[in-house]
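The following note concerns the structure shown below.

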Amino acid sequence: MFGRKWRKTVKMQKKRVMENELCDYRKEELSDLAESIIENYIGDDFIEPEIIANVNRVTFSYGNYRDAFDGLIQHKFGRFHIFINSNRSGIKTSPRARFTFGHELGHFYIDEHRNALRKGKVLSHPSFNLLLPKNIAEKEADYFSSCLLMPSKRFRKQCIKRPLSGKLIDSLSNHFQTSISATIFRYFELRLFPMFIVCCKDSKVKWYFRSEDFLFNYPPKYGAPVPNSSVAGEFFYNQREYSAEEIIYPDDWFSDFKMDKRQPLFEKCYYLKSTNSVISLLWVKE
Ligand SMILES: [Zn+2]
């Protein structure tokens, strides 16, 4: 029933998915690049993307560009210029504007991106700072920005002897002046503690990420209803919100018949009411 043509199509689709994902090797390269920039230009000071732009003679401006983009880097007459859209990113010290600036610096620092801009292969990079499907160049610039604003060494140092909690995430986000979602993903990416991140929208599971060493598996599928007994479920079904992490049990979220159902877990919710979404963080209560 499934001939050669079908197998070829599947193979091509898989290849496309692979090509659009950042591999560990590439992530390491981008992280090393960001770390070396911090070492060279920032040292132990607070990370200010503007300083990095200045030393590279990259000019920048903030303006209201309606909904056209969050940020954009342009190459004209041998010079680079970064535009930050205040209408979408807020004031220049906001976590979103800082992340956008870091992202545009990524397009400047990543050789392939800079060369393409120089040669006019791409006219400019209008970037959007949203959790939307992105092409590989945008993913690389996002990853670079998170490494630049939250360098691995500094981030790990801030987490020493501090167990995962909502308070820790708030404190990290405050320390690095990054958004809660960017901070959560950086924490997850650095594999500091086994965790499960799930985003639910309109009472349905939208997507999730699970650490390889997180003990529990088989969460509801994408598109399935949010479990009733979860803390996220309380928001959608009972309009109840919780500011701190709550104790739940594995079968509130997972259906692995081999799991230890008595192991308490924490669930901490972040409410994004403008999109009727909730991001939950789950981890084992030690
Ligand atoms: Zn971009």
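**Sheet, cysteines and confidence**

1. In this predicted model, three strands form an open sheet with mixed pairing, in the order 1-3-2. Strand 1 (59-63) and strand 2 (71-76) lie at the edges, each pairing on one side only. From one strand to the next, the twist averages 20°.

2. Strand 2 and strand 3 (residues 79-85) run antiparallel and are joined by six bridges. Within this pairing, Gln74 has His81 of strand 3 as its bridge partner.

3. Helix 5 (residues 95-109) packs on the sheet and touches strand 1, strand 2 and strand 3. The direction of helix 5 makes about 155° with that of strand 3.

4. How many disulfides does the model contain? The count comes to zero, a disulfide being a pair of cysteine sulfur atoms within 2.5 Å. For Cys269, the nearest cysteine sulfur is that of Cys200, 8.2 Å away; because the cut-off is 2.5 Å, Cys269 is in no disulfide.

5. Are Cys23 and Cys269 buried, exposed or partly exposed? Cys269 has a relative accessibility of 2% and counts as buried. Cys23, with a relative accessible area of 43%, is partly exposed, since it falls between the limits of 20% and 50%.

6. As to confidence, the chain has a mean pLDDT of 89, and 89% of its residues reach 70 or more. Over residues 12-18, however, the pLDDT is below 50. This stretch, residues 12-18, has zero contacts in the model beyond near neighbours in sequence.

Key: Residues numbered from 1 in each chain as written. Predicted model: local features only at pLDDT ≥ 70, side-chain atom pairs only at ≥ 80, totals over all residues. Heavy atoms only, no water. Buried < 20%, exposed > 50% of the residue type's maximum accessible area, 1.4 Å probe, protein only. pLDDT = per-residue confidence, 0-100. Contact = heavy atoms within 4.5 Å. Pairing = 2+ DSSP bridges. Helix = DSSP H or I, 4+ residues; strand = E, 2+ residues; numbered from the N terminus. Axes fitted to C-alpha atoms, helices over the stretch in contact; angles between N-to-C directions.
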